[in-house]
Amino acid sequence: MDKTFTPKQMAKNLHVSTTTLRRYESLDLVPDVPRTASNRRYYTTLHVQAFLALRSLIKGFDLPVAYDVMNVLKKGHVEQALWKINLQQYNIQIEKQRVEEIMSLIHHADFSVYRNIQVTDEMKIGEVAVIAGVNPSAIRHWEKEGLIRAKRNPENGYRVFTARELKKIIVLSSLRKTVFFIESMKQLLEALETHDLLTIERTFKAALQKLNEQLEKQMNGITEMMRYIQFLKRE
């Protein structure tokens, strides 16, 4: 007979509250919870693995991703869940490549062309956004935070960015997902201004290390998810 657990036992094993367990259930992230003849809720080993998978996915991926994957699995769409995870793995690979690309960019003095696009000292915000691969709103935010500075075209008042500012924007865009605080960003950009390559390299190595740690958490999440899928297949 399958071993069963009370809500308190389950919460204690997972180091969460019973309220958290109920929230996961209400969001349709785990199998429906059965009740005893006396109407008491109880969990099985299937629920244990479901919760383990969920908690591990939350650590490795964004919360919406973890919730989405678990919701899809509950509906029985295993392949769909796997492809969702595969996309996240692809994204972190692209992010790693981008950080490495920017590190290479900083080492090269020539910045007249970037990704086959001509770089000038009179670029509009839309042009800069396309080159850096970010939304104009992000650039305005960084300007507001004092991370970058735009000139104003005296004829029409439009923002104009130089090659130097574009390089800063590219650096900011490459590190924005590695959760750097504004002050850390300011120090990095000051190092960029003074060509302090040692500080810049240290920052990018820290960014890569953070991605490595995130990847490890993702792999742990995938391991627990695959165990959960095996449980589901046996049901």
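A search of the whole structure finds nine salt bridges, a salt bridge being a side-chain nitrogen of Lys or Arg within 4 Å of a carboxyl oxygen of Asp or Glu. The structure is a predicted model, in which local features need pLDDT of at least 70 and side-chain atom pairs count only at pLDDT 80 or more, whereas totals for chains, interfaces and linings use all residues. Residues are numbered from 1 along each chain as its sequence is written, and side-chain values use heavy atoms, with hydrogens and water left out.

One of these salt bridges joins the side chains of Lys74 and Asp28, with an N to O distance of 2.9 Å. Lys74 belongs to helix H4 and Asp28 to the loop between helix H2 (18-26) and strand E2 (43-44), so the pair ties together parts that are 46 residues apart in sequence. Helices (H or I, at least four residues) and strands (E, at least two) are DSSP runs, numbered from the N terminus. Lys74 counts as partly exposed because its relative accessibility is 26%; buried means under 20% relative accessible area, exposed over 50%, and partly exposed in between (1.4 Å probe, protein chains only). Asp28, at 37%, is likewise partly exposed.

Lys74 also forms a salt bridge with Asp32, the closest N and O atoms being 2.7 Å apart. This pair links distant parts of the chain, Asp32 lying in the loop between H2 and E2, 42 residues from Lys74. Asp32 is exposed, with a relative accessible area of 61%.

A further salt bridge connects Glu100 with Lys96, where the closest N and O atoms are 2.8 Å apart. Both residues lie in helix H5 (residues 78-107), four residues apart, or about one turn of the helix. Salt bridges that share partners join Asp28, Asp32 and Lys74 into one network.

Helix H4 (residues 63-74) also contains Tyr67, which counts as buried because its relative accessibility is 19%. Beyond residues up to four places away in sequence, Tyr67 touches Arg23, Tyr24, Leu27, Leu29, Leu54 and Ile58, contact meaning heavy atoms within 4.5 Å.

Elsewhere, the axes of helix H6 (residues 125-132) and helix H8 (residues 163-175) come within 10 Å and cross at roughly 45°. Val128, Ile131 and Ala132 of H6 make the contact with Leu166, Ile169, Ile170 and Ser173 of H8. Of these residues, six are nonpolar, one is polar and none is charged. The classes are nonpolar (Ala, Val, Leu, Ile, Met, Phe, Trp, Tyr, Cys and Pro), charged (Asp, Glu, Lys and Arg) and polar (the others, Gly among them). Axes are lines fitted to C-alpha atoms, for helices over the stretch in contact, and angles run from 0 to 180 degrees between N-to-C directions.
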